Structure formats: C-alpha cells, structure tokens
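We will go from stop to stop, selecting a few residues at a time.

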Amino acid sequence: MAGNSNADSSPFYTISTATSNSSLPGMIRRGAQETTPLFVQDDVEAGPAQYGANTPPTGKRTKMFDSQFARKVRYYVPSIAWIPAYSFSLLGGDVLAGVSLAAMLIPQSVSYGTSLAKIGPTAGLFAASIPAIVYSFLGTSRQLNVAAEAALSLLVGQSVTEFRHAYPDAAPDKLGFAVATAIGVQVGIFASILGFLRLGFLDVVLSRALLRGFVTAVAVVITVEQLVPMFGLTALENQLQPESSLDKMFFLVEYVWTHSHRLTTTISFAVLLLLILLRTFKNCFKNTWWIYRLPEVLIVVVVSTWVSDELQWNQSGVEILGSVPISTDGTFFKFPLSSHTHPFLRGTTSTAILITIIGFLDSIVAAKQNGDRFGHPISPNRELVALGAANLVGSFVPGTLPAFGSLIRSRINGDIGARTQVASLVTAALVLLATFFLLPALYFLPKCVLASIICLFVTTLFAEVPHDLMYYYKIEAWTDLAMMFLTFALSIIWNVEIGIVVSLIISLLLVIRRSSKTRMTILGRIPGTDQWRPVTDNPDAQDVPGTLIVRIRESLDFANTAQLKGRLRKFELYGAEPAHPSEEPRRQPTRVLVFHMGDVESCDASAVQILHELLEMYQNRGVDLFIAHLRPGIRETFENAGIVKLLGPDAFYDTVGEAIAIVEGRYIDRQ
C-alpha cells in the first residue's frame, strides 16, 4: 500500500533544506483514496500515456491528432489533462489544504524575505504565490508546494549583503531587488536547461550524508543569524559587520550580556516559548482536528502585532516591520535581464547554480515521496522544467526569491487533503491577497517575532541529526561521516556556499573514483565439481595453481578500464583479499589468465583499445590467455579490433570449464 511505503518511514526522506512546520502525521487516516491515482493512467515516463482521463477518440483524423499531438501536449503540460477531468468531490480537501498552508506561509514568507534574504516581506510573499501558480500548471507532482525556502533565502541574503558592502553608495532596497532578480532569472534558466538536457538523475549523485551536513550547517547559520535581532543587536551588527557565521558567534558571545536590548530579548524568547507550548498542546489533540489544525504561527503574529500597537513597543526601542509599500523597484513587472540586473549577473552565477541544485534535490525528494504515497508517477526532468519556468516567470517581478518545493510543507499539504494542484492555486491566491491587503495591518509587528518564528522552523532541521549520526556510526560509514562533518565545518567557518561547493566536488570525485574501479572477482573450483565460484564468497573454492581466473562483472568503458591493468596486477600478486603493495606476494606467478566475460554486455572503443594493449602485454610476458562466456556482439567487436587475431580462435571458449580443461591438458602434455 503506497500510503504505508518506506517513503514515509525512512529517516532519510526527512532530509530537507526546508524549515517549514513539522510534519503532521496521522492528520487524516490513510485509506484507499490516498493510494488510488486521481485518474486512470499508465506511467507517464513509460511512453505517451496521459496525465488524465481521456475521451476515446473517434475517427481516423481524431486518433492521429490524439496520438501525435494532444498526447504530447498533455504530457508536457499536465494541467491540460487534469483540469477538464477535475472531480469536484476533491474540492473540499484541496481548499482546506490551500487555506491551511496559506496561514502558515504568510508569516513564514514575511520572515524569509525580511530576516534571511535581507530584502523585504514582498520578496518572500511573491515567491510563495507567482512561481506556485506557474508550477501548478506544469508540474507532475500533485501535492508539491513551491515557495521560498530558508536555506535558499539565506544564500540570497548572503549575496545581497556582499554586494551592499561592495556598493555602499547604492540604495539598499534597489540593490537587493536587483541581486535577487539576477539570481532568480539564472536559477530559472539553469533549471530549465538541466530539464531539457534530461539531467534529472542528479538527485542520485549526491549522498544523503552530504545533504545532512549541509542542512545541519544551514540550521546553525540561520539560528545564529536570528539570534542577533532576537537580542536586539542588529544596529551593532551593522556597525561592526562580522562576516562569517563563526565571527557572528564570537560577536554574540562578546556583546550579548552588555549590549542586548532587554525588552526585545524578552519578547523574542517569550514568543518562541509560546510557539513551542502551542505546538506541544496541539500534538496532545491529534484526534481533534479543529485544535490540531490551529495556525499557531498566524495566531502569534496577530496577537503580537496587536500588543505591540497597544503598548507602543516601537517607542521603547523595539524594531517593528513598519510600512511595506507594494513596490518592486518602481514597477510590478520588469524584464529581468535589464541594465539594473546586468552588473550582478556574473557575481551571482555560482550562488544561482547552488540554489538550483539544492532546490531541485529538496523538491524531487518531496515530489517522489508524495508520488509513492498517493500513487502517481513523477518525472524528474519535467520537474526541472516546471521549476525552471516557475522561477523564470517569478523573476519578472523584481525581488522575488527563488522558489522550490519543500518536503515538510508538501507533506502537510497531502495530509490535510490536497489531491491536486488546486490546493496550491488556493494558497497562492490567498498569499497574493495578503500581500496587497494584509501588510498594512502588520505595521506594528516586531521584527524579533519574525526571528523567533524562523527559529521555531529551524528546530525541525535538528530533529534528525542524532539518529543519522548513530546510523552512520553503527554501519561504520566513515566516509559519509567525514563528508557530513566537512560540509558542516566549512559552512560554519567560511560560508554556506564554500561548504556545499567543496563537498559537491569531493562527492563527485568519489563517484568518479568508484565508477572507475572495474567490478571483478577471482573464481575458484568447487571441490568435486566443475563449478566455478568467487573465492571471496566461497572459502572452499580452490585455485588452479599458476592460473588466474577473473570474472569481469560489468560492461567495459573508458572510465572503468583505465585501472584494469593495476587491478589485475594486484590479483596476480595477492589474490582477491585486500593487501598493501609493500607486502610479499601471496600467489604463484601467473602462467595462465582466463577471463570470464559473461557479464560484459557492451565495450566501448576506448575499452577495446586498452584491453588490446593489456592482452598484448600479457602475451609478451608468455602468459597463456583465454576468454570464456563471450557474447556474440562483443566477439564481433573483438574481431574488428584485432583481438581475435592477436589471441587466435583457440583462445575463446563457451565456458570456463572448457578453457581449464585445455589448460590442464597442456600441462599434462608438458609433463
């Protein structure tokens, strides 16, 4: 049953750069409705199957049109299929999920745009609405909610801060809008290109340990960033300008006892404690839906704004949100690649690439988990295109933050009742209404309350760390632990960008190293039989003296064949067991070398050339060479490459047993 799949239970599916509310397991009992696809369909990745119900075509021209054009349109624009076939029985759940998510997203987006991205509330609010609308029509996931994310907003904020230091005379607001737009348009372009090039497999390249290290580092960085306004030290921070997160930690330790604002500090930690208590209270009433779905964040925002207005906290030194004009650098829509953004494009490219990769990884994990749970397929390549288009359109509104999916937020969406992207459309509409009509009502909202809200969200990122550390320790995954700590340390000591770039490079190098190591093993004879098994798995398997029988267990290409000579030399000297090159040889000198090539399905030109040189070297050493279990297609390649001529037709046999019989016969003749 998809609702009970491993996607929900595995701890690694919780790795996310999102800092949304904690998941709401058990909000709605999972029944047949969760695991039944919305529309009867085949897997969209398997061919021209549709994303929705379809009226049977009639007539020859209709069939041709349906099979050649309409199906492709429905494939690449899924909303064309599901909107006409939408069942109004799903409307209640979609609307309820949309309203609930909007209640969470509005204060969260204000916090991200103001406290993390250093731009303004509208940056986060527009990211939670405009890209979400575009994704609703192009995305393959029915529960994925697209909005600004904490880690990605932090990366934007770091770029904005760097450029403000580089251009101290520029208007801070206009510069922030231009930098965010430059990043957003590049994110949209990069994601779209990756999708069109069908590079959606990127989600399997990076290890979960690397992501865990990155997410944990982001959680620490965000916490440090938010402690500054929570203690009322923003003005002092702007004056001293500590750069790295480590510098900000020392800054807090040095000045928190002497320069913190007492009222601001009291408000901040009182609000954080209240949020934690409300969340704990809600968890005690999971079966009472109207209590469990209370938007505690929205309640705290409304109450703190009202109290701040009544008590005039701003006159006591507490920073408030103030007037927020719905202005995006002079005009609502503006072409993103203009003279305003051009000076910042080159300097933000690396940040945009990182945001694209991290955002896609987070989105595809969330999309696949919900796809498995609710029974619909996900196309990583079309997800890239949809996310790219969403961010491209969003970049036409200056200052809009990059928007991607969140595992936790999307899970909440499905738990409450979302079964189509109508839920995201409802959320986007409510966020837009709040942007234009609610912000004036938040004039007296203390900024330290927004920082406390972000700290609440960050706690979800720390929740999985102890479990993951123990898991990697128990299975002795030292490389993964090293990657996790390296990513974490570099992100804290330097910055998040350096941490993830270095870790990405190391991760890719490890992937290349592993892929370049040919998978092969030494075979031995099972006593009393003519069967040949790997000596590492069968202790009773016996070597033939002076004979090395090697089974190559994968296809050969330029990458994994380059180290074939060195691997075979180690086999000759030490066998299949690990050994240091300084040790004395453990095997007799090899007089006969037999290759079992039954698992080699393909062999590219570079591999054939390297193999020819290798066999010629062994032949010059006087080693007898045999090849068994060779597939017809590979034999034809060997004939064309001259390998058959080099070894002679008598070197090729159907089985290892036949080759060894010839070897033993020759040995008897020599005796």
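## Stop one: two helices side by side

Begin by selecting α26 and helix α27 (residues 605-620), which pack at an angle of about 35° with their axes 10 Å apart. Two packed helices are described by the angle between their axes and the distance between the axes. Here axes are lines fitted to C-alpha atoms, for helices over the stretch in contact, and angles run from 0 to 180 degrees between N-to-C directions. Helices (H or I, at least four residues) and strands (E, at least two) are DSSP runs, numbered from the N terminus.

Now show side chains: L564, K565, L568, R569 and E572 of α26 make the contact with L611, L614, M617 and Y618 of α27. Contact means heavy atoms within 4.5 Å. By class, this contact has 6 nonpolar, no polar and 3 charged residues. Ala, Val, Leu, Ile, Met, Phe, Trp, Tyr, Cys and Pro count as nonpolar, Asp, Glu, Lys and Arg as charged, and the others, Gly among them, as polar.

A word on what you are viewing: this is a predicted model, in which local features need pLDDT of at least 70, side-chain atom pairs count only at pLDDT 80 or more, and totals for chains, interfaces and linings use all residues. Residues are numbered from 1 along each chain as its sequence is written, and side-chain values use heavy atoms, with hydrogens and water left out.

## Stop two: E572

Stay on helix α26 (residues 564-574) and centre on E572. Is E572 buried or exposed? E572 is buried, with a relative accessible area of 5%; buried means under 20% relative accessible area, exposed over 50%, partly exposed in between (1.4 Å probe, protein chains only). The side chain of E572 makes polar contacts with the side chains of Y618 (2.7 Å) and R621 (2.9 Å). A polar contact is a pair of N or O atoms within 3.5 Å; within protein, one must be able to donate a hydrogen and the other to accept it, and residues adjacent in sequence count only if both atoms are side-chain atoms.

## Stop three: a salt-bridge network

Next, select K118, E225, E237 and K248, which are linked in a network of salt bridges. A salt bridge is a side-chain nitrogen of Lys or Arg within 4 Å of a carboxyl oxygen of Asp or Glu. E225 and K248 meet at 2.7 Å, N to O. E225 lies in helix α10 (residues 208-230) and K248 in helix α12 (residues 245-259), so this pair ties together parts 23 residues apart in sequence. For E237 and K248, the closest N and O atoms are 3.7 Å apart; E237 sits in helix α11 (residues 234-240), 11 residues from K248. Both E237 and K248 are buried.

## Stop four: α10 meets α22

Pick out R208, A209, R212 and T216 of α10, and V465, D468 and Y472 of α22, to see the contact.

## Last stop: R409 and E149

The structure holds 12 salt bridges. To finish, select R409 and E149, a salt-bridged pair with the closest N and O atoms 2.8 Å apart. R409 is in helix α19 (residues 407-416) and E149 in the loop between β1 (146-147) and α8 (150-166), 260 residues apart. R409 is buried, with a relative accessible area of 0%, and E149 is buried at 1%.
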